[in-house]
Amino acid sequence: MDNSKTFWLPEKASTFTDFVDPAFNLFFWISIFFFGIICFLIVLFTFKYLRRRPEQLASAQITHNLKLELTWTLIPLVIVMALFFVGIKGYFKMRVPPSGFMQVNVTGQKWSWSFAYPSGAVNDTLVVPVNTPVKLVMTSKDVIHSFFIPAFRTKADVLPNRYHALWFQATRTGVFPVECTQYCGTSHSYMWTAVKVVDPDNYKAWLDNASDPAKGKTPAEFGALLYTKRGCSACHSIDGSRIVGPSWKGIFGRQENCGPAGMVMVDEAYLRESMMEPAAKVVNGYQPVMPTYKGVLTDREVDAITAYIKTLK
Ligand SMILES: [Cu+2]
């Protein structure tokens with residue numbers, strides 16, 4: 001089978017392409033056909049009904065023409081009903097995962113994705129075994145996002161305070177892009193990640209390793225990992241540059257101006273509070289947009305991030 005992308009469609013990598021692509025092509029060529037007819041008639045009628053002489057009168061008012069009206073009602077009706085049945089067949093398949101699926105929980109937030117596995121592993125890219133049905137149970141921490149995997153031909157909105165599911169079965173190994181397709185703020189266009197489809201053996205090895213990401217790392221190394229894996233990097237730089245939030249470079253031990261809360265010494269307690277209750281003390285000149293990580297970061301992870309921040313001199 002040819003899996004490469006075409007001019008209109010991205011590369012193929014899931015079982016859905018079997019019915020999504022033919023449906024897309026059918027819709028597409030029907031649209032092209034009518035586009036052609038309409039353009040042709042516009043040009044034809046422009047000349048046919050051109051007012052050529054000043055004394056030429058407009059035709060009398062035409063009230064109706066039963067045959068014509070039935071034609072332009074029934075033909076489109078048959079066409080759209082046919083398209084409906086073509087579409088709904090695939091739609092049902094895409095709604096209900098087959099039994100024996102594996103589940104991954106997905107959380108969208110401004111502006112990153114995070115994937116949580118039943119084993120406890122949390123990752124910033126979605127890693128799945130090939131030829132296995134995978135169900136994603138998705139929710140958002142802030143605004144509406146939308147999870148789109150073009151190569152799998154599937155997409156679903158990701159809503160706050162609600163769970164929305166989606167499933168797929170990848171048909172070949174590889175790395176395929178994932179994008180947020182709901183305009184969700186400043187860095188929306190950077191809210192992308194990837195699905196990595198691997199062999200079952202590689203998947204098992206990866207999962208074992210990812211389930212205990214702290215294994216063999218110092219707290220600071222683990223903190224450095226969390227900085228990217230938990231999406232802090234979307235808003236905090238480590239090189240002193242200002243993004244959405246303050247850079248972490250050299251903040252430990254510094255006096256921070258927190259507006260109404262006054263000058264605050266950046267120590268372990270302040271860092272913990274900044275992660276658990278970001279709105280408690282908002283750094284002067286920044287918006288209170290940081291989500292809380294209460295119930296998200298474990299104590300061990302908070303300590304690891306603190307250890308990491310201390311190393312950023
Ligand atoms: Cu988004």
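A residue is called buried if 20 or more other C-beta atoms lie within 10 Å of its own, exposed if 12 or fewer do, and partly exposed in between, with C-beta atoms placed from the backbone. By this definition, buried residues make up 21% of the 313 residues in the protein. The structure is a predicted model, in which local features need pLDDT of at least 70 and side-chain atom pairs count only at pLDDT 80 or more, while totals for chains, interfaces and linings use all residues. Residues are numbered from 1 along each chain as its sequence is written.

The secondary structure comprises six helices and 12 strands; helices (H or I, at least four residues) and strands (E, at least two) are DSSP runs, numbered from the N terminus. The radius of gyration of the protein is 28 Å, well over the 20 Å that the globule rule gives for 313 residues, so the protein is more spread out than a compact globule. Here the radius is taken over C-alpha atoms, and the globule rule is 2.2 Å times the number of residues to the power 0.38. Along the principal axes, the C-alpha trace spans about 90 × 55 × 30 Å.

The domain assignment gives domain 1 (17–95), domain 2 (102–211) and domain 3 (219–311), with bounds that come from an automatic or database domain assignment. The centres of domain 2 and domain 3, taken over C-alpha atoms, are separated by 26 Å. Their contact takes 10 residues from domain 2 and six residues from domain 3, two residues being in contact if their C-beta atoms, placed from the backbone, lie within 7 Å. On the side of domain 2 that touches domain 3, β2 (112–116) and β3 (122–123) each supply at least two residues.

Asn131, in the loop between β4 (126–129) and β5 (133–140), is a residue other than glycine with a positive phi, near 55°. Asn131 counts as partly exposed because it has 14 C-beta neighbours inside 10 Å. Arg153 lies in the loop between β6 (145–149) and β7 (154–158) and, although not a glycine, has a positive phi of about 60°. With 24 C-beta neighbours inside 10 Å, Arg153 counts as buried.

Gly295 lies in the loop between α5 (268–276) and α6 (299–311). Gly295 is exposed, with 7 other C-beta atoms within 10 Å.
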